[in-house]
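Have it open while you read.

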Amino acid sequence: MKNTLLKFYRMLGPLGGGILLDTLDLATFGPFGIYFGWFIGLIVGWWMASIYQFGTVGKFVFASLAAIYLTLPMTEFVPIATLVSAISRFRGAPPDPA
């Protein structure tokens, strides 16, 4: 039970990044997202990857995935970034209890 509670606590940390990407995806609805979503995704993805302390290659990959996500049509109403970040953190190993 304690490991499950620790996993839930750890899962909530990156939800802010997922919520930010999903909010921006909703803001880039329609043709605006097709023309400018990739640029917004690159900037925000690079910034978020630097917050999560990724290396240069990790920043590039994260920013590229964010750019693709904000450019793709029909993803505005499904919170994919939030779901992926929550599931990945939940399935990860629990932190060492200090």
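The points below go from the overall fold to single residues.

1. Ground rules. This is a predicted model, so to speak of local features we need pLDDT of at least 70, side-chain atom pairs count only at pLDDT 80 or more, and totals for chains, interfaces and linings use all residues. Residues are numbered from 1 along each chain as its sequence is written, and side-chain values use heavy atoms, with hydrogens and water left out.

2. Overall fold. Helices (H or I, at least four residues) and strands (E, at least two) are DSSP runs, numbered from the N terminus. Of the 98 residues, 29% are buried (under 20% relative accessible area; exposed is over 50%, partly exposed in between, with a 1.4 Å probe and protein chains only). Among contacts (heavy atoms within 4.5 Å) with a separation of 6 or more, 71% join residues 24 or more positions apart.

3. The H3/H4 pair. Helix H3 (residues 31-51) packs on helix H4 (residues 56-71) at about 150°, with the axes 7 Å apart. That makes H3 roughly antiparallel to H4 (angles over 145 degrees count as such). Axes are lines fitted to C-alpha atoms over the stretch in contact, and angles run from 0 to 180 degrees between N-to-C directions. The crossing of H3 and H4 is right-handed (the near helix is turned clockwise from the far one by less than a right angle).

4. Who touches whom there. On the H3 side the contact includes Gly 33, Gly 37, Gly 41 and Gly 45, and on the H4 side Ala 63, Ala 66 and Ala 67 are among the residues met. The contact residues divide into 13 nonpolar, eight polar and one charged (Gly counts as polar, and Asp, Glu, Lys and Arg as charged).

5. The connecting loop. Phe 54 sits in the loop between H3 and H4 and is partly exposed, at 36% relative accessible area. Beyond four places in sequence, Phe 54 contacts Ala 49, Lys 59 and Phe 62.

6. Asp 22. Buried or exposed? Asp 22 lies in helix H2 (residues 15-27) and is buried, with a relative accessible area of 10%. Leaving aside neighbours within four places in sequence, Asp 22 contacts Tyr 69, Val 78, Pro 79, Ile 80, Ala 81 and Thr 82.

7. Aromatics. There are four aromatic pairs (ring centres within 6.5 Å, using the six-membered ring of Trp). Trp 38 and Phe 39 form an edge-to-face pair, 5.7 Å centre to centre with 75° between the planes (over 60 degrees counts as edge-to-face). Trp 38 is partly exposed at 42%, and Phe 39 is partly exposed at 44%.

Conventions. Angles under 35 degrees count as roughly parallel, over 145 as roughly antiparallel, 65 to 115 as roughly perpendicular and the rest as oblique. Rings of Phe, Tyr and Trp (its six-membered ring) pair if their centres lie within 6.5 Å; planes under 30 degrees apart count as stacked, over 60 as edge-to-face and the rest as tilted.
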